Amino acid sequence: MVLLGAVLLTVAIGDHPDAVVIGLVVVFTTAVGVAQEVRADRAVAALSALSAPHARVLRGGTLRELPAGPVVPGDALLLGEGDIVAADADLTEASALLVDESMLTGESEPVDKTADGRVRAGTVVVRGRGAATATATGAASALGRIAALLDTGRDLTPLQRRLASPGRILAVVTIALCVLFFALGLVRGLPPSTMAVPAVSLAVAAVPESLPAVVTLALALGARRMAARNALVRPYRPWRPSAP
């Protein structure tokens, strides 16, 4: 915003070459920032795809491995050790089935499941095998209802908040210094047209134009490296019985 204000001021005083240069800087840094954010979004999408649960579904007598999204109520799910349950489901078979439900109930210990029990979407099978019939998926599942209650709208990330505060401080300090510099020149008897160009130059010099692009580039490169190495945001740790 400070740079755009500098463009308007240089146009107003007739300094068109400087206005063009400052405008090109704004366009270039904005284009780089947008391009890097697009790359970062794609890398985050790749990470999300890696961490998304899959399900083994029996349809028409054929066993298929699908992402959790296409699972619908009525699908027959086959569960095994390490699986993330793709939907709320009624168990039809269970063999030494142990499920970690801590993300729903807060219980630290896995829960034994029997053939007449239920499993919930998002829980993790830590031992045994089972078969179940899906009853609710997505927003209709227990985990989906909890997610809806916690969804309070999109908020700024901690990094965005940390960058926004110095940005506001820098803008206020820059404008104050430029006004002071301009006023001191007028007090010394210099014409406004003479003082306007140095004041604008001070504003342009004080703004770190490349900071957003550098931050976005660093985040994008980090996310791409994580995706290339099949990194997960929250890696699953298999349950092990505690020592007696």
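**Note on the predicted model: helix packing and selected residues**

1. Leaving aside residues up to four places away in sequence, A19 touches V7, T10 and V11. The model in which these contacts occur is a predicted one. A19 belongs to helix α2, which spans residues 16-51. Its relative accessibility is 8%, and A19 therefore counts as buried, the limit for that class being under 20%.

2. The overall composition may be stated next. Seven helices and seven strands make up the secondary structure of the chain. In sequence order, the elements follow the pattern α-α-β-β-β-β-α-β-β-β-α-α-α-α.

3. Some totals for the chain follow. The chain has 244 residues, and 28% of these count as buried. Its accessible surface comes to about 15500 Å², with 64% of that area belonging to carbon and sulfur atoms. Among contacts with a separation of 6 or more, 62% are accounted for by residues 24 or more positions apart.

4. Helix α1 (residues 2-12) packs against helix α6. The two axes come within 9 Å and cross at roughly 160°. Because this angle is over 145 degrees, α1 is roughly antiparallel to α6. The handedness of the crossing of α1 and α6 is left-handed. On the α1 side the contact involves V2, L3, A6, L9 and T10, and on the α6 side V200, A203 and V204. By class, the residues of this contact comprise seven nonpolar, one polar and no charged.

5. Helix α6 (residues 192-206) also meets helix α5 (residues 158-187), their axes coming within 9 Å and crossing at roughly 160°. That angle makes α5 roughly antiparallel to α6. In this case the crossing is right-handed. From α5, the contact is made by L170, T174, L177, C178, F181, F182, G185 and L186; from α6, by P192, M195, A196, P198, A199, L202, A203 and A206. The residues of the contact of α5 with α6 divide into 14 nonpolar, two polar and no charged.

6. No charged residue is counted in the contact of α5 with α6, and none is counted in that of α1 with α6.

7. Within the strands, A76 is found in β3, which covers residues 76-79. Is A76 buried, partly exposed or exposed? Its relative accessible area is 26%, so A76 is partly exposed, this class lying between the 20% and 50% limits. With residues up to four places away in sequence not counted, A76 touches R56, V57, L58 and A132. A134, 58 residues from A76 in sequence, is 6.5 Å from A76 in space, C-alpha to C-alpha.

8. A96 is placed in strand β4 (residues 88-100). Phi of A96 is near 50°, a positive value in a residue other than glycine. For context, most residues other than glycine have a negative phi.

Methods. Residues numbered from 1 in each chain as written. Predicted model: local features only at pLDDT ≥ 70, side-chain atom pairs only at ≥ 80, totals over all residues. Heavy atoms only, no water. Helix = DSSP H or I, 4+ residues; strand = E, 2+ residues; numbered from the N terminus. Buried < 20%, exposed > 50% of the residue type's maximum accessible area, 1.4 Å probe, protein only. Contact = heavy atoms within 4.5 Å. Areas by Shrake-Rupley, 256 points an atom, 1.4 Å probe, with all protein chains shown as cover. Axes fitted to C-alpha atoms, helices over the stretch in contact; angles between N-to-C directions. Parallel < 35°, antiparallel > 145°, perpendicular 65-115°, else oblique. Left-handed = near helix turned anticlockwise from the far one by under 90°. Nonpolar A, V, L, I, M, F, W, Y, C, P; charged D, E, K, R; others polar.
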